[in-house]
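Please look through the sequence and the model together, and keep both at hand while reading. The paragraphs below move from the overall layout to single contacts.

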Amino acid sequence: MDDTEPIPVGDSELATSTPVFSATLDGYGSCISAARRMTASFLTRVQAVHGLPVSDRAMDLTQLIVSELVTNACKYAPGPMLLELRILGDLVEVVVWDSDPVLPVARAADPARVGQHGLEIVMSVAQAFEAQRQPVGKSITARIALPDDPGGALTGRLPL
């Protein structure tokens, strides 16, 4: 691992019945792709080690959400951040903590706007979404269903 790679700070999926992973990210642009890779690796291990179903949709959407949340943290709260992934029943929970206490606000839809749609994307594909101020900074939490419904339908957005 070189200086630009995130530092895993915990990976307790083998030690407990609840798969959990966390890593500190340095806040530089290279941490975005590294966070996506770690997410894919975590979900692959969840499926292989714990036998939990992880649909292709869940794999793709979880990586997309991680990418968008880490990108926003890099852009608006430069500096170190924390990525946490955990399994809660048939959901994967993604939490990104950064040092900026300002909570994000989704902007009104504007088809002419180029970029700045990340939060809208996350909120539209996650089953649950929450932003909270923390004693230092904030945390953004999104939850994604792991399995697909046998009929291909997804359940609606759930409260956190």
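The model is predicted, so local features are taken only where pLDDT is at least 70 and side-chain atom pairs only at pLDDT 80 or more, while totals for chains, interfaces and linings use all residues. Residues are numbered from 1 along each chain as its sequence is written, and side-chain values use heavy atoms, with hydrogens and water left out.

The chain contains 3 helices and 6 strands, where helices (H or I, at least four residues) and strands (E, at least two) are DSSP runs numbered from the N terminus. Read from the N terminus on, the elements follow the order β-β-α-α-β-β-α-β-β. Of the 160 residues of the chain, 41% count as buried; here buried means under 20% relative accessible area, exposed means over 50%, and partly exposed lies in between, with a 1.4 Å probe and protein chains only.

A pair of aromatic rings is described by the distance of the centres and the angle of the planes. The structure has 1 aromatic pair, a term that covers rings of Phe, Tyr and Trp (its six-membered ring) with centres within 6.5 Å, called stacked if the planes are under 30 degrees apart, edge-to-face if over 60 and tilted for the rest. The ring centres of Phe21 and Phe42 lie 6.4 Å apart and their planes stand at 40°, so this pair is tilted. It links distant parts of the chain, since Phe21 belongs to strand S2 (residues 20–25) and Phe42 to helix H1 (residues 30–50), 21 residues apart. Both Phe21 and Phe42 are buried. Helix H1 also contains Thr39, which is buried with a relative accessible area of 0%. The side chain of Thr39 reaches the backbone oxygen of Ala35 at 2.8 Å.

Turning to the largest pocket, its space amounts to about 430 Å³. A pocket is found on a 1 Å grid over the protein atoms alone, as an open set of points with protein on both sides within 12 Å along at least five of seven lines, whereas a cavity is a set of points where a 1.4 Å probe fits but cannot get out; lining residues have an atom within 4 Å of a point. Grid points are joined across faces, edges and corners, and the volume is the space filled by probe spheres set on the points. The lining of the largest pocket has 23 residues, of which Asn72, Tyr76, Pro104, Val105 and Leu119 lie nearest its centre. At least two lining residues each come from helix H2 (56–76), strand S4 (91–98), helix H3 (118–125) and strand S6 (138–145), and H2 gives the largest share, 6 residues. By type, the lining divides into 11 nonpolar, 6 polar and 6 charged residues, where Ala, Val, Leu, Ile, Met, Phe, Trp, Tyr, Cys and Pro count as nonpolar, Asp, Glu, Lys and Arg as charged, and the others, Gly among them, as polar.

Charged side chains also meet each other. A salt bridge is a side-chain nitrogen of Lys or Arg within 4 Å of a carboxyl oxygen of Asp or Glu, and by this rule the count comes to 5 salt bridges. One of them joins Glu93 and Arg143 at 2.6 Å, N to O. Glu93 lies in strand S4 and Arg143 in strand S6, so the pair ties together parts that are 50 residues apart in sequence. Glu93 is buried at 7% relative accessible area, and Arg143, at 19%, counts as buried as well. Another bridge, between Asp98 and Lys138, spans 2.9 Å, N to O, and links strand S4, which holds Asp98, with strand S6, which holds Lys138, 40 residues apart. Asp98 is buried, with a relative accessible area of 3%, and Lys138 is buried too, with 6%. Salt bridges that share partners join Glu84, Arg86, Glu93 and Arg143 into one network.

Val96 and Leu83 are 13 residues apart in sequence, yet their C-alpha atoms are 4.7 Å apart in space.

Key: Polar contact = N/O pair within 3.5 Å; in protein donor to acceptor, adjacent residues only side chain to side chain.
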